[in-house]
Amino acid sequence: MISKKKLVVVASIISASMLLIESGVAYPGMQPSQKPVSQTSLDKIIILEQPFPIAQANFSQLNNDQIDFEAFKGKVILVNMWATWCPPCVRELPALDRLAKKIDQTQYMLLPISIDGAGQEIVQPFLQSIGLPKFESYFDPKQNLREVFPLETIPATFILNPQGELVAYVRSYVDWDDENAITFLKQFYTTTGKVVD
């Protein structure tokens with residue numbers, strides 16, 4: 001015969017189990033987080049408290065001419081460091097290609113820069129093979145830009161303001177198809193410290 005004490009314990013366990021089931025929680029500790037969950041990968045982008053001047057380093061264009069960031073001053077520059085051997089980088093390329101077609105190229109410039117050691121010899125056929133034959137990449141096979149940006153983790157995107165200063169960065173994949181991407185970038189287009197619409 002079951003004692004009253006044991007019946008009370010069993011009843012308590014059943015009640016607690018019913019409460020957990022009703023709340024959609026299978027085990028204690030699986031309650032929904034009180035912290036808001038990010039709905040966009042744009043939240044990964046870290047905005048610096050103040051613009052940071054960067055060193056200049058050369059990288060190359062498709063025609064092998066050397067160039068640096070000075071050539072793009074006056075625009076917000078998205079420097080995206082990538083490589084053909086990096087799956088998250090490759091995953092990001094189609095969205096970057098679509099973003100490049102949407103942005104106002106008088107104010108913004110997408111600069112995807114491959115760090116593949118073989119440079120354009122491997123990059124151009126690779127872009128063709130993934131259906132992006134017109135995607136305009138730049139090249140840094142000797143990784144000169146390691147003097148400017150940390151390249152231990154790619155993909156990495158570094159955002160420069162029109163004065164050529166670093167204002168934000170992300171060392172991770174970002175979904176550039178996000179409907180808020182262009183609005184997000186607009187905050188960096190300034191000429192005298194005021195946002196230009």
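By class, eight nonpolar, one polar and four charged residues make up the lining of the largest pocket. The structure is a predicted model. The space in the largest pocket comes to about 220 Å³. Of the 13 residues that line the largest pocket, Ala100, Gln105, Leu110, Lys134 and Glu136 lie nearest its centre. Two elements give two or more residues to this lining, namely helix H2 (87–102) and strand S5 (108–114). The most comes from S5, which gives four residues.

**Helix H2**

The 16 residues of H2 should span 22 Å at 1.5 Å a residue, and the end C-alpha atoms of H2 are 24 Å apart, which agrees. H2 has a kink of about 30° at leucine 93, shortly before proline 94. Leucine 93 is also one of the buried residues of H2.

What covers the buried residues of H2? The cover includes S4, S5, helix H3 (120–129), strand S7 (156–160) and helix H4 (181–186).

Asparagine 80 is part of strand S4 (residues 76–82). Is asparagine 80 buried or exposed? Its relative accessible area is 0%, so asparagine 80 is buried. Neighbours within four places in sequence aside, the contacts of asparagine 80 are Glu92, Leu96, Leu111, Pro112, Ile113, Ala156 and Thr157.

Leucine 111 belongs to strand S5. Leucine 111 counts as buried because its relative accessibility is 0%. Again with neighbours within four places in sequence left aside, leucine 111 is in contact with Phe59, Phe69, Phe72, Ile77, Leu78, Val79, Asn80 and Tyr138. The C-alpha atom of leucine 111 is separated by 8.1 Å from that of glutamate 136, and the two residues are 25 residues apart along the chain.

**Backbone features in the loops**

Asparagine 64 is in the loop between strand S2 (59–60) and strand S3 (66–67). Phi of asparagine 64 is positive, near 75°, in a residue other than glycine. With a relative accessibility of 51%, asparagine 64 counts as exposed, since the cut-off for exposed is over 50%.

The loop between S6 and S7 holds glutamine 143. Glutamine 143 is not a glycine, yet has a positive phi of about 55°. Its relative accessible area is 23%, so glutamine 143 is partly exposed.

Proline 155 also lies in the loop between strand S6 (138–139) and S7. Which form does the peptide bond from isoleucine 154 to proline 155 take? That bond is cis, with omega near 0°.

The table sets out the relative accessible area of the residues treated above.

| Residue | Relative accessible area | Class |
|---|---|---|
| Asparagine 80 | 0% | buried |
| Leucine 111 | 0% | buried |
| Asparagine 64 | 51% | exposed |
| Glutamine 143 | 23% | partly exposed |

Note on methods. Residues are numbered from 1 along each chain as its sequence is written. This is a predicted model: local features need pLDDT of at least 70, side-chain atom pairs count only at pLDDT 80 or more; totals for chains, interfaces and linings use all residues. Side-chain values use heavy atoms; hydrogens and water are left out. On a 1 Å grid over the protein atoms alone, a cavity is a set of points where a 1.4 Å probe fits but cannot get out, and a pocket is an open set with protein on both sides within 12 Å along at least five of seven lines; lining residues have an atom within 4 Å of a point. Grid points are joined across faces, edges and corners, and a volume is the space filled by probe spheres set on the points. Ala, Val, Leu, Ile, Met, Phe, Trp, Tyr, Cys and Pro count as nonpolar, Asp, Glu, Lys and Arg as charged, and the others, Gly among them, as polar. Buried means under 20% relative accessible area, exposed over 50%, partly exposed in between (1.4 Å probe, protein chains only). Contact means heavy atoms within 4.5 Å. The expected span of a helix is 1.5 Å times one less than its number of residues. The bend at a residue is the angle between axes fitted to the seven residues ending there and the seven starting there.
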